[in-house]
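Here is a short report for a reader who is new to this structure. Please look over the sequence and the model before reading on.

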Amino acid sequence: MEKSNQKILMVDDNIANIRIMKEIIGDQYEVFFAKSGKECLSIIHSIKPDLILLDIMMPDMDGYEVLRRIKVDERIANLPVIFVTTLIDDKEEEKGLSLGAIDYIRKPFSIPIIKARIKNHLELKSHRDKLEKISSLDGLTGIANRRKFDLQMEAEWRTAVKYRHPISLIMIDIDNFKLFNDKYGHLAGDDCLRDVATKLSDSLNRSGDFVARYGGEEFVCILPNTEKKGAIKVAERLRTAIEELNIEHNFSSVANHVTISLGVNSVIPSLESSIENFIKEADDNLYKAKKNGRNLVYYS
Ligand SMILES: [Mg+2]
């Protein structure tokens with residue numbers, strides 16, 4: 001059987017159990033092990049497993065506590081967890097399931113049954129991942145959509161608040177795009193949106209930087225851990241990159257090719273700061289870039 005690229009993290013304080021599981025599923029999946037709850041929590045983010053097999057009775061931290069901690073960490077809260085345990089009491093099973101485990105397997109288990117259950121849960125996980133990906137993407141341009149932007153913005157904002165890091169936003173609008181659509185037609189308009197989106201995306205070269213289609217001919221970039229000076233540099237690079245695409249636009253008031261206007265805003269947010277104001281100020285600066293002649297970066 002071909003090995004799946006899905007990853008399983010097994011957490012058990014008993015080496016013998018780990019060996020058995022490795023024997024059963026090691027040839028089908030990439031399997032990682034942790035011998036305690038603490039170890040599980042310390043490696044889970046770097047492994048990013050698709051499924052966790054979790055023992056309940058472990059010294060230091062029991063499986064219930066491990067699951068509780070997974071559930072309050074939004075980055076991993078949706079990871080499917082199966083309890084694999086010698087506890088045979090229905091009350092224990094009920095407790096495990098009510099904490100959010102997707103399944104509960106009692107030891108000793110039947111090998112074909114545990115294999116089938118693991119396979120089923122991993123298939124569901126893979127479907128969920130696909131749906132999540134589709135619902136995050138803008139259908140026309142293939143970059144992130146507005147919904148994904150909202151989620152990403154909230155997550156990056158929380159990180160910035162927590163670590164007192166600066167965060168920057170760039171709001172972007174294609175200049176005279178209505179005229180472009182009117183004169184060249186909507187198909188050309190769609191091509192233009194796609195080309196601009198791809199160029200913006202390709203022009204962001206740090207791994208945390210993020211670009212989404214905000215709506216219509218508007219795009220937005222989140223630059224985590226970036227001060228105003230750096231954000232202005234990035235914005236200027238994006239502006240130049242779109243100019244260099246050299247998409248003909250003979251009806252623009254700015255140039256004979258497609259250009260963009262950009263509004264930059266940067267902040268070191270505190271608990272009292274509001275995302276809405278932060279976005280609004282970037283949007284206001286975009287508006288000022290338009291008013292000041294377009295094809296330029298405006299910041300306050
Ligand atoms: Mg144990």
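**Domains**

This is a predicted model. The chain is divided into two parts: domain 1 spans 7-134 and domain 2 spans 146-299. Their C-alpha centres lie 41 Å apart.

D13 and D55 are 42 residues apart, and the pair links distant parts of the chain. D13 sits in the loop between β1 (7-11) and α1 (15-25). D55 sits in the loop between β3 (51-54) and α3 (63-71).

D55 has a relative accessible area of 5%, so D55 is buried.

**Helix α2**

Helix α2 covers residues 37-47. Its buried residues are G37, C40, I44 and I47. Seen down the axis of α2, these buried residues fall within an arc of 85°. They therefore line one face of the helix. The face turned away from the buried side carries exposed residues: K38, S42 and S46.

**Aromatic rings**

How many aromatic pairs does the structure hold? There are 7. Two of them are described here.

Take F149 and Y214. Their ring centres are 5.5 Å apart and their planes stand at 85°, so the pair is edge-to-face. F149 belongs to helix α6 (residues 146-163), while Y214 belongs to strand β7 (residues 210-215). The two are 65 residues apart, and the pair links distant parts of the chain. F149 is buried, with a relative accessible area of 1%. Y214 also counts as buried, at 15% relative accessibility.

Now take Y184 and F251. Their ring centres are 5.5 Å apart and their planes are at 65°, so this pair is edge-to-face. Y184 lies in helix α7 (residues 177-184). F251 lies in the loop between α9 (228-245) and β9 (260-267). The pair therefore ties together parts that are 67 residues apart in sequence. Y184 is partly exposed, at 28% relative accessibility. F251 is partly exposed, with a relative accessible area of 36%.

The table sets out the geometry of these two pairs.

| Ring pair | Centre distance | Plane angle |
|---|---|---|
| F149 and Y214 | 5.5 Å | 85° |
| Y184 and F251 | 5.5 Å | 65° |

Y184 and F251 also belong to a cluster: ring pairs link them with F177 and F180. The charged end of R146 sits over the ring of Y214, 4.0 Å from its centre.

**Cysteines**

How many disulfides does the structure hold? The count is 0. C192 is buried, at 1% relative accessibility. C221 is buried too, at 0% relative accessibility.

Definitions and conventions
Residues numbered from 1 in each chain as written. Predicted model: local features only at pLDDT ≥ 70, side-chain atom pairs only at ≥ 80, totals over all residues. Heavy atoms only, no water. Helix = DSSP H or I, 4+ residues; strand = E, 2+ residues; numbered from the N terminus. Buried < 20%, exposed > 50% of the residue type's maximum accessible area, 1.4 Å probe, protein only. Phe/Tyr/Trp six-rings, centres within 6.5 Å; stacked < 30°, edge-to-face > 60°. Lys NZ or Arg CZ within 6 Å of the ring centre and 35° of its normal. Disulfide = S-S within 2.5 Å. Domains from an automatic or database assignment. Arc of directions from axis to C-beta.
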